[in-house]
Amino acid sequence: MHTPPPPVSAALPGLPSGVEESSVFRSLFVSYPDSLLLVDQAGRIVLANPSAATLLGYSVGELVGLNVDVLVPDSIRPRHASYREAYGRAPRARPMGTQMELVAKRKDGSEVMVEIALSPLQSQGLPFVVAAIRDIGAYPRVKQALQRARYSDYLAQLGRLAVDTRDLQVVLDHAPAMAAEALEVEVAMVLLLDESRLEFRVASGVGLVSGEEIGARIASHANTPPGFVFAEGAPVVVADFADERRFAVPQAYLDAGLVSALAVPFYDRGRFIGVLTVRSREARRFGDEELRFLESLSNLLATSLQRVQTEEALSHAQRLESVGQLTGGIAHDFNNLLTVIQGNLQVLEELPAIAEDGYAQQLVGAAARASRRGAELTGKLLAFSRRQMLQPHAVDTHAMLHSLADMLRRTLDQRIGISIDSATDCPPVLADPGQLESALLNIAINARDAMPDGGTLHFRAEACGALPPEVHNELSDRDAHGSFVAISITDSGTGMTEEVKERAFEPFFTTKEAGRGTGLGLSTVYGFVKQSKGAIAIASRPGAGTTVTLFLPQLDEPAAAATEEDDVEQAIPPGLRVMLVEDDPEVRKVVHTFLSTLGCSVAAASNAEEALIRMETDAGAFDLLLSDIALGAGMRGTRLAAEAQQRFPDLAILLMSGFSSELLDADREVPQSWELLRKPYTRAELARAMGRVLSHP
């Protein structure tokens, strides 16, 4: 048989004599660590202990007499009233908050997450309910979980900001502010390492001390706080600056009352680029949770930096591509004009009246030289946009280096001395002369920038039987076993670190200030050398200057003497039947004249469709198709050539263009038996190209 518990007024066994049970119960109620409220059936608070007053932000006296509804957030107060009414009809002991989050409202309006256990006293003959309330944030594990949740929220905020904004400075400004707010510390800052790797720049921060203002420079050697992180390459925790011996603690830290610190590095594709650091006035303030949060924040920061740099590089590449298309289009039209000018000058030069007039010959010669310089200018525009088709020839490096040095002496800083070490019998190299000169000029300009206070620039060219081991693997076995000429350019400038040297050939990589360089110089040189079946190497150390060496293939055979124009003309069969297709009437007229003077029988058309009809009408009447690639709105020259050769297999094909990218595309796509001719060209160059294509079986 169940025995009911004794009433509260009954004596409790074991109490010392003279101790009343009522005083024991009151003492327990007052000193109990959880918050206790005694609530009547109407929901009015009858008793409250000090813990409840502390938790809820009231005094004990203020709580007594309040309705418990006051402690419920406004948003759920109507539901709470119905819950309390239902509970009053069937009171029972029960925990609350195990399946749902409970929130109590403090006097100041703030809220606190709680657990509540209800214990009805009706079984004891009392019309009350005891509510035991516990702040779950006080639990160590819960406190840790809440802290992580808060940190995650800050990370999410920065992540959203990084996605929404294209302004890197906005992200840089918010990162330390969020770190300081989340960690509840006094100082937070972002420092970025300069490309020189010698200094940090304070990019953003909050609570900054003297000497670390925005834009301030801090040395990166290991005796400075950020420099020590750089040297360690790992997070650094300082428990107490007073005990720190690993690096020099700035007096400004101590003057500001800073005691402890945490700093984490961040990287761009494995390359150290900066430090995110926080500092506090409390000793031993930073543990594993703070470290993980700051590392996550720094990773987000690094990702934002990478994205912005990638977008800038892409935008730069798109701008270059647009410029390339523009220059290519200009070059096409300009080369057509030059073809007309050069062709007419050549015809004019051969007229008897001009041939016998020395003064007229001087005028024609000057005009011809000017048109050739115009063609060279067009080539440089195309080289800038990397739309130039390489035309390898024998290049006398001895003569080229002396010519280049003469030009550099007039254009570079007069404090830079230039010297050359090149034997007159140095073998010629097989390379595009214009592109080789452009490559050497690029390297010389980089060297100048590395010597802001002057120095020496030394050119050297010498034959080398084989490639050195460090660059041997850059070429195929067949190419690597040839003979090469090493052309080196040495400066006495600042030199490069290993890290910079490893990235020197990357497109868009530059150590120059914003707006001072595109980062395309050495990458263009690298592309030219590789396309020329050569190799390139860099030797450099900080403070010891840099040597860039181009290994270019020697010419296999001595360059044949230039073929005289009369000999070229004799190589073309008399009466060669040529189908000429050119949409520009002035160019068509000049080329027609060239072909006629070479003894050819010429039929001309302004477009592909007209040419095909003519060839079909006079089936087998033509030996050679000479066509421009760009033929206006209709069929392109490459398509015309393919159609014509399919119908007439013995037809020789010679394509021409003033747009070098068209020649590049055609060079990759057309049969080897076809010949490509770049505008503008002379009659002799046309004759040589015709001779080559006619010699194919």
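The model is predicted, so local features need pLDDT of at least 70 and side-chain atom pairs count only at pLDDT 80 or more, while totals for chains, interfaces and linings use all residues. Residues are numbered from 1 along each chain as its sequence is written, and side-chain values use heavy atoms, with hydrogens and water left out.

Helices (H or I, at least four residues) and strands (E, at least two) are DSSP runs numbered from the N terminus. The buried residues of helix 19 are Val587, Val590, Val591, Phe594 and Leu595. Viewed down the helix axis, these residues fall within an arc of 135 degrees, so they line one face of the helix; the arc is that of the directions from the axis to the C-beta atoms. An α-helix has 3.6 residues a turn, so residues three or four places apart point the same way.

At the start of helix 19, the backbone nitrogen of Glu586 has a side-chain oxygen of Asp584 within 3.0 Å. Just after the helix, Gly599 takes a positive phi of about 85 degrees.

Two strands pair if DSSP finds at least two bridges between them. Strand 16 (residues 455-464) runs parallel to strand 14 (residues 416-422), with seven bridges, and antiparallel to strand 17 (residues 484-491), with eight bridges. Within strand 16, His458 stands opposite Ser419, and the bridge partner of His458 in strand 17 is Thr490.

Technical notes:
Buried means under 20% relative accessible area, exposed over 50%, partly exposed in between (1.4 Å probe, protein chains only). A polar contact is a pair of N or O atoms within 3.5 Å; within protein, one must be able to donate a hydrogen and the other to accept it, and residues adjacent in sequence count only if both atoms are side-chain atoms.
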